[in-house]
Amino acid sequence: MKILDENMPDKPEINYPTTWGFKIIGKDKEALQKCIKEIMKIEGDKKHSCTIGNQSKTGKFTTYNASCIVENEEERKRIFKYFEDHDDVNMVI
């Protein structure tokens, strides 16, 4: 497996369509679930999977792992941006 760093000048090649995972981090479990459903609906009722991830030691933050098939880079970036801009999401990876 290659690691993207300063020694690797090129972006990794991604062959589309492909299944892409998003790790969504926020404070409210139910709000994150609702957010994922909203965004997948915006994208045309996109079929997706969603599993609960870890919770922070203090219980303040929860993560969800959401994945779906993305058709191209534009769609992948658009979905990422939806998550990134959503009020209930603190971070998306």
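## Two helices packed together

Let's start where the two helices meet: α1 and α2 pack at an angle of about 145°, with their axes 10 Å apart. Their crossing is right-handed. On the α1 side, the contact is made by Cys35, Ile36, Ile39, Met40 and Ile42, and on the α2 side by Ile79, Tyr82 and Phe83. Please keep in mind as you read that this is a predicted model.

## The chain as a whole

Stepping back, the protein chain has two helices and four strands. Read from the N terminus on, the elements follow the order β-α-β-β-α-β. The C-alpha atoms fill a box of roughly 40 × 35 × 20 Å, taken along the principal axes.

How many of the residues count as buried? Of the 93 residues of the protein chain, 29% do. As for contacts with a separation of 6 or more, 66% of them are between residues 24 or more positions apart.

Helix α1 takes in residues 29-42, which makes 14 residues. From its first C-alpha to its last it reaches 20 Å, close to the 20 Å expected at 1.5 Å a residue. Which residues of α1 are buried? They are Ala31, Leu32, Cys35, Ile36, Ile39 and Met40. Seen down the axis of α1, these buried residues fall within an arc of 165°, so they line one face of the helix.

At the start of α1, have a look at Asp28: one of its side-chain oxygens reaches to within 3.0 Å of the backbone nitrogen of Glu30. Just after the helix, Gly44 takes a positive phi of about 95°.

In sequence, Lys41 and Met91 are 50 residues apart, and their C-alpha atoms are 20 Å apart in space.

Lys46 lies in the loop between α1 and β2. Is Lys46 buried or exposed? Its relative accessible area is 15%, and because buried means under 20%, Lys46 counts as buried. Leaving aside its neighbours within four places in sequence, Lys46 is in contact with Met40, Cys68, Ile69, Glu75 and Ile79.

Lys23 is partly exposed, with a relative accessible area of 32%. A polar contact of 2.9 Å joins its side chain to that of Asn65. Besides Asn65, the residues in contact with Lys23, leaving aside neighbours within four places in sequence, include Thr63, Tyr64, Met91, Val92 and Ile93. Tyr64 is 41 residues away from Lys23 along the chain, yet their C-alpha atoms are separated by 5.8 Å.

Ser67 is found in strand β3. Which side chain does the side chain of Ser67 meet in a polar contact? The partner is Ser49, at 2.7 Å. With neighbours within four places in sequence left aside, Ser67 is in contact with Thr19, Trp20, Gly21, Lys47, His48 and Ser49.

## The segment before β1

One last stop is Glu13, found in the segment before β1. Glu13 is exposed, with a relative accessible area of 69%. Glu13 and Thr62 are 49 residues apart in sequence, and 31 Å lie between their C-alpha atoms.

How values were computed:
Residues are numbered from 1 along each chain as its sequence is written. This is a predicted model: local features need pLDDT of at least 70, side-chain atom pairs count only at pLDDT 80 or more; totals for chains, interfaces and linings use all residues. Side-chain values use heavy atoms; hydrogens and water are left out. The expected span of a helix is 1.5 Å times one less than its number of residues. Buried means under 20% relative accessible area, exposed over 50%, partly exposed in between (1.4 Å probe, protein chains only). The arc is that of the directions from the helix axis to the C-beta atoms. A polar contact is a pair of N or O atoms within 3.5 Å; within protein, one must be able to donate a hydrogen and the other to accept it, and residues adjacent in sequence count only if both atoms are side-chain atoms. Contact means heavy atoms within 4.5 Å. Axes are lines fitted to C-alpha atoms, for helices over the stretch in contact, and angles run from 0 to 180 degrees between N-to-C directions. A crossing is left-handed if the near helix is turned anticlockwise from the far one by less than a right angle, and right-handed if clockwise.
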